[in-house]
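Me: I am new to this structure and want to learn how to read its features. Can we go through them one at a time?

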Amino acid sequence: MSNPILNEDRFSAQERILDGEPMTVQGTANKVFLLFICLLAGAAISIYYLFTNPALVSPLMVFGAILSFILVLVASFNVKTSKYVAAPYAFFEGLVLGSFSMFFEAQWHGIVLQAILSTFAVLFVMLMLYKAKMIKYTEKFQAVLMTSMLSILAIYLIQIIASFFGRGIPGIFSAGAVGIAFSLFVIVIAAMALIQDFFFIETASQNMLSKDYEWYGAMGLMVTLVWLYTEILKLLAKLNSRN
């Protein structure tokens, strides 16, 4: 979704509708709102069990993470499934984010609200920059974005593998200068990924793709926002731990 499912390969002639209503930007925005409600519902359930039955929290987080990942893959391979898997994806993602966020909130009061407000601020700024055409989605932009994202993915995979052997990449995930710089870099790339999401939604609408693409585009944007939020939350945690 910045995105494995939002890419220009979807703009094939056979995807354009010949009758009925095409997707619209407003329709996609409405579905993003619905997905946020589903995400909040999942987060609320996760937080509820955090206080009433903490033993269930870890299984819920693992369960939610696995299912949300599977649903993203399902949508990646078949656009028409998006209208069925987008809402469950948001709900299961909420199961993960609810407890994940509370772990940070327990250490630094107010950090979750700061992360949420920062995420929406970045979303608003990037949308304004895109609409004002101050940032344009070009082939060069796409290439740089994809290279950066693959590099970040490689770093995380190396860290995960190294952790099994009791090791890790020095500095990157710490609260030091290197760790903060890395977090800032990842946040910038996540913000740039929003441009790709905006471009996809706008272009898909102009190409009169089917209504299914409203769910598809909304799900893609949600994935990017979740990524952006978690990275901002981790950056704020690093900054707070230095105080």
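Me: Is Glu 214 buried or exposed, and what is its relative accessible area?

Reply: Glu 214 is buried, with a relative accessible area of 0%. Here buried means under 20% relative accessible area, exposed means over 50%, and partly exposed is in between, with a 1.4 Å probe and protein chains only. This is a predicted model, where local features need pLDDT of at least 70, side-chain atom pairs count only at pLDDT 80 or more, and totals for chains, interfaces and linings use all residues. Residues are numbered from 1 along each chain as its sequence is written, and side-chain values use heavy atoms, with hydrogens and water left out.

Me: Which residue forms a salt bridge with Glu 214?

Reply: Start with the general idea. Side chains of opposite charge can pair when their charged atoms come close. The cut-off for a salt bridge is a side-chain nitrogen of Lys or Arg within 4 Å of a carboxyl oxygen of Asp or Glu. In this case the partner is Lys 31, and the closest N and O atoms are 2.7 Å apart. The pair links distant parts of the chain: Lys 31 sits in helix α1 (residues 25-52) and Glu 214 in helix α7, 183 residues apart. Helices are DSSP runs of H or I with at least four residues, strands are E runs of at least two, and both are numbered from the N terminus. Lys 31 is buried as well, at 16% relative accessible area.

Me: Which residues are linked with Lys 31 and Glu 214 in a network of salt bridges?

Reply: Lys 211 is linked with them in that network.

Me: How many salt bridges does the structure hold?

Reply: It holds 5. One of them joins Asp 212 and Lys 83, whose closest N and O atoms are 3.4 Å apart. Asp 212 lies in helix α7 and Lys 83 in helix α3, so this pair ties together parts that are 129 residues apart in sequence. Asp 212 is buried at 10% relative accessibility, while Lys 83 is partly exposed at 37%.

Me: How far apart in helix α7 are Glu 231 and Lys 234?

Reply: They are 3 residues apart, so about one helical turn separates them. Their side chains meet in a salt bridge, 3.3 Å from N to O. Glu 231 is buried at 4% relative accessible area. Lys 234 is partly exposed at 26% relative accessibility.

Me: Now aromatic pairs. What describes a pair of aromatic rings?

Reply: Two values do: the distance of the centres and the angle of the planes. Rings of Phe, Tyr and Trp (its six-membered ring) pair if their centres lie within 6.5 Å; planes under 30 degrees apart are stacked, over 60 edge-to-face, and the rest tilted. This structure holds 14 aromatic pairs. Among them, Phe 63 and Phe 92 are edge-to-face, 5.6 Å centre to centre with 90 degrees between the planes. This pair links distant parts of the chain: Phe 63 is in helix α2 (residues 57-77) and Phe 92 in helix α3 (residues 82-107), 29 residues apart. Phe 63 is partly exposed at 43% relative accessible area, whereas Phe 92 is buried at 17% relative accessibility. Tyr 213 and Tyr 216 also form an edge-to-face pair, at 5.5 Å centre to centre and 75 degrees between the planes. Both tyrosines lie in helix α7 (residues 212-241), 3 residues apart, about one turn of the helix. Tyr 213 is buried at 0% relative accessibility, and Tyr 216 is buried at 0% relative accessible area.

Me: Which residues form one aromatic cluster with Phe 63?

Reply: Phe 91 and Phe 92 do.

Me: What is Met 222 in contact with, leaving aside its neighbours within four places in sequence?

Reply: Contact means heavy atoms within 4.5 Å. Met 222 is in contact with Val 32, Leu 35, Phe 36, Leu 39 and Tyr 89, with those neighbours left aside. Met 222 is placed in helix α7. It is buried, at 1% relative accessible area.

Me: Last one: where does Lys 133 lie?

Reply: Lys 133 lies in the loop between α4 (111-131) and α5 (139-163). Its phi is positive, about 60 degrees, although Lys 133 is not a glycine. Lys 133 is exposed, at 56% relative accessible area. Met 208 also has a positive phi, about 55 degrees, and is not a glycine. Met 208 is found in the loop between α6 (177-206) and α7, and it is partly exposed at 43% relative accessibility.
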